[in-house]
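Work through the exercises below with the sequence and the model side by side. Try each task before reading its solution.

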Amino acid sequence: MRLLVKRAFSLLELIIGMSVLTAFLAMTYFTLAQGVRYVKETDSYAYPQKEGAVLVRKISEELANSHERWVIPGLNAGSIRFLSAENPENQASTLDFHPATGRIVWKKWVAFVWNPTQQTVTRYELPLNPTAYDLTSEPDPGYLPDEFPTLPNARKRVVGRNIVDLKILPSGTSQHTLTVTSEKQVPVSSRGNKPERVRVTNSATVVILNQDP
């Protein structure tokens, strides 16, 4: 009758096994850490792109739904003012038409103004007094774009940060070219030991939908 005897691991085998396991765990840790670092770095570099893209979309959507008449670029093309048919932001959004003419009723001025010192873009809105549907003359109150920051009764909201340049220029019939440059200092990257500044420029051509017949 043959007896089977299990051989125990020797101390040397245990040491070798533990060494292999430790090396494997160390490689796994460093691989995961490098992946997390790359993800964070990618997010940091993408932030200026996202900031500028969101601002371009915001201005483009509102400007496109305005009317070509009385769109006024501001000083050094760093601001713009135009009409909006939307209710003030604190009210439900509706689009109204004049019962006799069927024309859109314009309810407020909207202005986007870039502050180069603070590197911010602020959106302002000011109700028309009264609302207007006939645009043969400029609706009241007819402030210029760069006057909006001085108006105590204008609603305001910062819509862009880290904006180092803003240009809104006429580029054709009922068209404006919008260029936004955003910049941000990102954390230390894997390629160096100092923070880096990333600058991204986004641009779009905006076609104003409402035009004179």
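Helices (H or I, at least four residues) and strands (E, at least two) are DSSP runs, numbered from the N terminus. This is a predicted model, where local features need pLDDT of at least 70, side-chain atom pairs count only at pLDDT 80 or more, and totals for chains, interfaces and linings use all residues. Residues are numbered from 1 along each chain as its sequence is written, and side-chain values use heavy atoms, with hydrogens and water left out.

**Exercise 1.** Find how strands β6 and β7 are joined.

Solution. Locate β6 at residues 163-172 and β7 at residues 175-186. Strands pair if DSSP finds at least two bridges between them. Here eight bridges join the two, and they run antiparallel.

**Exercise 2.** Which residue in β8 stands opposite T179?

Solution. Go to β8, residues 196-207. β8 runs antiparallel to β7, with 12 bridges joining them. T179 faces S203.

**Exercise 3.** State what percentage of the protein chain's residues count as buried.

Solution. Apply the cut-off: buried means under 20% relative accessible area (1.4 Å probe, protein chains only). Of 213 residues, 35% qualify.

Key. Buried < 20%, exposed > 50% of the residue type's maximum accessible area, 1.4 Å probe, protein only.
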